[in-house]
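Try each task before reading its solution.

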Amino acid sequence: MTKFADIKGFVFDLDGVITDTSILHGNAWHQLADSLDITWSTKLGNALKGISRMDSLEMILKAGGKANDFSDAEKEKLATQKNTNYIAEVNKMTPANILPGMKDFLDGLRANGYQLSLASASKNAPRVLDKLELADYFPKVVDPASLTHGKPDPEIYTKGAALLNLKPEQCIGVEDAAAGVAAINAAGETSVGIGDATELAAADMVFSNTAAVTLANIKAKLDN
Ligand code: G6P
Ligand code: MG
């Protein structure tokens with residue numbers, strides 16, 4: 001396994017890692033599902049984490065047995081409707097919405113000379129970073145519009161390392177979603193999962209919450 005001393009950069013997911021937007025995404029999709037008479041479940045909500053906007057919509061329609069009920073134009077409209085509701089919630093965000101410990105973790109990474117990039121599938125990521133006043137921490141953001149494949153494909157994490165001019169083995173990827181952990185692993189980076197240990201069993205290490213994600217804890221797991 002990779003040694004802590006080899007690590008030079010961190011590639012971050014955003015939703016559910018730096019801030020709790022995963023709840024806002026879930027609420028906005030739940031609202032849309034209700035309006036389409038599609039039964040919502042926590043399991044469906046979790047499966048959507050890390051999944052792009054249109055792929056999320058497809059998964060919801062499929063779960064409700066409505067995969068073939070809408071034209072592409074209608075699907076675009078539904079996705080826009082969800083996004084409008086989501087943005088209204090994002091616009092209310094402040095730095096208080098940064099998840100516990102994450103600001104200290106980011107400050108510590110910067111102070112120790114690590115490079116940071118963002119690998120979020122969200123086209124709203126720059127707006128969210130702005131609201132959290134964290135845009136300065138992430139001068140390198142992978143543009144999700146440039147991707148051919150979404151998570152669990154490694155592309156977004158491969159690009160996240162390339163933006164830092166680092167090899168994948170020199171990077172740690174940080175994720176809350178199973179699809180994201182799979183993407184980090186497939187990119188050849190070290191995966192840090194935040195959340196349920198069973199759900200994120202594929203990660204190189206799992207922390208149950210963001211407050212537990214510290215450089216010291218990561219070092220201890222890598223060098224033990
Ligand atoms: C992240 C979230 C997903 C969301 C995706 C696209 O990966 O975890 O829940 O669907 O971004 O977000 P967007 O803001 O572009 O709709
Ligand atoms: Mg996430």
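**Exercise 1: The domain interface**

Work out how much area is buried between domain 1 and domain 2, and what share carbon and sulfur atoms give.

Solution. About 1100 Å² is buried between domain 1 and domain 2, and carbon and sulfur atoms give 51% of that. Buried area here is the accessible area (1.4 Å probe) that two parts lose on being put together, summed over both. On the domain 1 side, N124, R127 and K131 supply 35% of the area buried against domain 2, more than any other three residues.

A word on the ground rules: this is a predicted model, in which local features need pLDDT of at least 70 and side-chain atom pairs count only at pLDDT 80 or more, while totals for chains, interfaces and linings use all residues. Residues are numbered from 1 along each chain as its sequence is written, chains are lettered from A and ligands numbered from 1 in the order in which they are written, and side-chain values use heavy atoms, with hydrogens and water left out.

**Exercise 2: Who takes part?**

Locate the two domains and describe the residues in their contact.

Solution. Start with the bounds, which come from an automatic or database domain assignment: domain 1 covers 4–19 + 95–223 and domain 2 covers 22–91. Next, count the residues in contact (heavy atoms within 4.5 Å): 14 come from domain 1 and twelve from domain 2. Then look for polar contacts, meaning a pair of N or O atoms within 3.5 Å; within protein, one must be able to donate a hydrogen and the other to accept it, and residues adjacent in sequence count only if both atoms are side-chain atoms. Four residue pairs across the interface qualify, both residues at pLDDT 80 or more. Finally, helix α6 (residues 125–131) gives the most to the domain 1 side, with three residues. Helices (H or I, at least four residues) and strands (E, at least two) are DSSP runs, numbered from the N terminus.

**Exercise 3: Salt bridges**

How many salt bridges does the whole structure hold, and how many cross the domain interface?

Solution. Apply the rule: a side-chain nitrogen of Lys or Arg within 4 Å of a carboxyl oxygen of Asp or Glu. The whole structure gives seven, and the interface gives zero. One salt bridge joins D13 and K151, at 3.1 Å from N to O. These partners are 138 residues apart: D13 is in the loop between β1 (9–12) and α1 (21–35), and K151 in the loop between β3 (140–141) and α7 (155–162).
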